[in-house]
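This report describes a single protein chain as a whole and then turns to two of its residues. Please look at the sequence and the model before reading on.

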Amino acid sequence: MSEHAEPQPVPPSSVVLVSGGSRGLGLAIVADLLDRGVRVAAFARTVTPELDKLAAEHPDRLHAGPVDVTDLAAAQAFVRDAEVRLGPIDGLVNNAAIGQDSLHVHTATGDIARIIETNLTAPLQLTRLLVRRMLGQGRRGRIVNITSICAQRGFPGLVAYSATKGGMDAATRSLARELGGRMLVNAVAPGFFASEMSAVLGRTQLDQIVRRTPSGHLTEPAEVVPVVRMLLREQTNINGQVIVVDGAASV
Ligand SMILES: NC(=O)c1ccc[n+]([C@@H]2O[C@H](COP(=O)([O-])OP(=O)(O)OC[C@H]3O[C@@H](n4cnc5c(N)ncnc54)[C@H](OP(=O)(O)O)[C@@H]3O)[C@@H](O)[C@H]2O)c1
């Protein structure tokens, strides 16, 4: 018999922070977690009527507010308020991001900087903030980064965006190792799905993606949500992975 105590599995998250939870995939994740009895803190720059409605339906389990993810002080204040209301956060979904629709040669320096700040720097800082709080209070937790198939396959018009998503995939692996099993850190990389972000894609581009997809349809947020939930809630040994949900479009 080993003298070492068996490492304890990371428990399911019961209070989850979702960035960009106001619409699209983020809102679908918030609604799903609430349905499962999870307490949720969700922010975006603008709180939508849909998120407000969920907050009215779950006054004790949803803390929602307006925060720009690039404003670390505002994020910090939101996390403190959320924890007072909901209890200690033990799950994070880095979902907030902005898209891109410009060839690299035509993308202004300021736009490249904004994409990197929103999609890479800010989630790394939010992650550091929450990991420090969790470890400081002796808690364990789970982190899910929403990245993209763009990190693995090339798409014109998405150069800076793809770079940020590839950066988050790489950070996922290194953080999983760095945290030594005290937290589970994974990424979910969806294929294209209909949302405000992908509305910039033309019909021809969308048709092309569908033609390349063996399952014959674009990914739906409802097909991504169960994977996020599984990583937050199920007892698995999945750690440091990027799980692609794209109907094999990229295979
Ligand atoms: N749609 C796709 O085809 C696709 C494919 C693969 C991966 N993804 C990824 O999936 C995730 C969700 O995308 P989506 O399509 O659902 O996008 P979306 O509909 O545009 O929603 C993005 C969310 O992020 C928030 N957000 C953006 N910038 C923010 C900021 N600075 N501070 C705080 N919140 C911010 C938005 O609210 P505000 O604008 O009010 O702040 C919104 O709640 C993203 O990480 C995206 O990269 C999307």
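What follows moves from the overall fold to an annotated region and then to two individual positions.

The structure is a predicted model, in which local features need pLDDT of at least 70 and side-chain atom pairs count only at pLDDT 80 or more, while totals for chains, interfaces and linings use all residues. Residues are numbered from 1 along each chain as its sequence is written, and side-chain values use heavy atoms, with hydrogens and water left out.

The chain contains seven helices and seven strands, where helices (H or I, at least four residues) and strands (E, at least two) are DSSP runs numbered from the N terminus. Their order along the sequence is β-α-β-α-β-α-β-α-β-α-β-α-α-β. The radius of gyration, taken over C-alpha atoms, is 18 Å, close to the 18 Å that the globule rule (2.2 Å times the number of residues to the power 0.38) gives for 251 residues, so the chain is as compact as a globular protein of that length. Of the contacts with a separation of 6 or more, 71% join residues 24 or more positions apart, a contact being heavy atoms within 4.5 Å.

| Property of the chain | Value |
|---|---|
| Buried residues (under 20% relative accessible area, 1.4 Å probe, protein chains only) | 47% of the 251 residues |
| Accessible surface (Shrake-Rupley method, 1.4 Å probe) | about 12200 Å², with 53% belonging to carbon and sulfur atoms |

UniProt, in an unreviewed entry, lists residues 14–196 as "domain: Ketoreductase"; such annotations may be inferred rather than shown by experiment, and the feature names are shortened, with positions in the numbering used here. Over residues 14–196 the chain is 46% helix and 19% strand, and the end C-alpha atoms lie 29 Å apart.

T118 is located in helix α4, which covers residues 109–136, and T118 counts as buried because its relative accessibility is 11%. Leaving aside neighbours within four places in sequence, T118 is in contact with V69, T70, A96, A97, I98 and P123. For I98, the separation from T118 is 20 residues in sequence and 6.9 Å in space, C-alpha to C-alpha.

A248 lies in the segment after β7 (242–245). Its phi is near 70°, a positive value in a residue other than glycine. Most residues other than glycine have a negative phi. With 29% relative accessibility, A248 counts as partly exposed, the class between buried and exposed, the latter being over 50%.
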